[in-house]
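Colleague: Before we discuss this fold, could you show me the sequence and the coordinates?

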Amino acid sequence: EEQPQETQTRETPPPMQPSVKEFLIEADDMGFYMNGADISSISAGSGQALKITFNVRTQNVYYGGLDFRSSYFDTVIIKPGEQKTVEFTADKTFTFTSYWPATGVKKADGEVIVQ
């Protein structure tokens, strides 16, 4: 009686995807915060996929909310208590800025530092 022959298959692992670095940034008219602390910048590696969620606080924010703009994204209006997520791949250091949507008054700057 013949034994069935075992064939070995070698599965090719899927290509490595760059991991996504996630940030939750709270904002009000005074600036940007992470984990309750004031921040002026966040860091990422060159070519890093980033996911930033902007959460507009309900205190110390003009009733019209804020919008966040940079060379990589423009969130449009985010009302107090709401949030919006942007995703992009960072390849150079850049500044993001919060504005009052109705008047375009600049409120605060933050920086994504790409190393």
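Modeller: Two strands pair if DSSP finds at least two bridges between them, strands being DSSP runs (E, at least two residues) numbered from the N terminus. This is a predicted model, in which local features need pLDDT of at least 70 and side-chain atom pairs count only at pLDDT 80 or more, while totals for chains, interfaces and linings use all residues. Residues are numbered from 1 along each chain as its sequence is written, and side-chain values use heavy atoms, with hydrogens and water left out.

Colleague: How many bridges join strand S1 to strand S5, and do they run parallel or antiparallel?

Modeller: Strands of a sheet pair through backbone hydrogen bonds, in either sense. Glu26 stands opposite Asn55 in S5. S1 (residues 20–28) and S5 (residues 48–56) are joined by eight bridges, and the two run parallel.

Colleague: Which strands stand at the edges of the sheet?

Modeller: The open sheet has five strands in the order S3-S2-S1-S5-S7, with mixed pairing. Each edge strand has a single partner, so one side of it is left without a neighbour in the sheet; these are S3 (37–39) and S7 (83–90).

Colleague: Which residues does Ser70 contact, leaving aside neighbours within four places in sequence?

Modeller: Ser70 sits in the loop between strand S6 (67–69) and S7. A polar atom of the Ser70 side chain lies 2.9 Å from the backbone nitrogen of Tyr72. With contact meaning heavy atoms within 4.5 Å, the residues in contact with Ser70, leaving aside neighbours within four places in sequence, are Phe94, Thr95 and Phe96.

Conventions:
Helix = DSSP H or I, 4+ residues; strand = E, 2+ residues; numbered from the N terminus. Polar contact = N/O pair within 3.5 Å; in protein donor to acceptor, adjacent residues only side chain to side chain.
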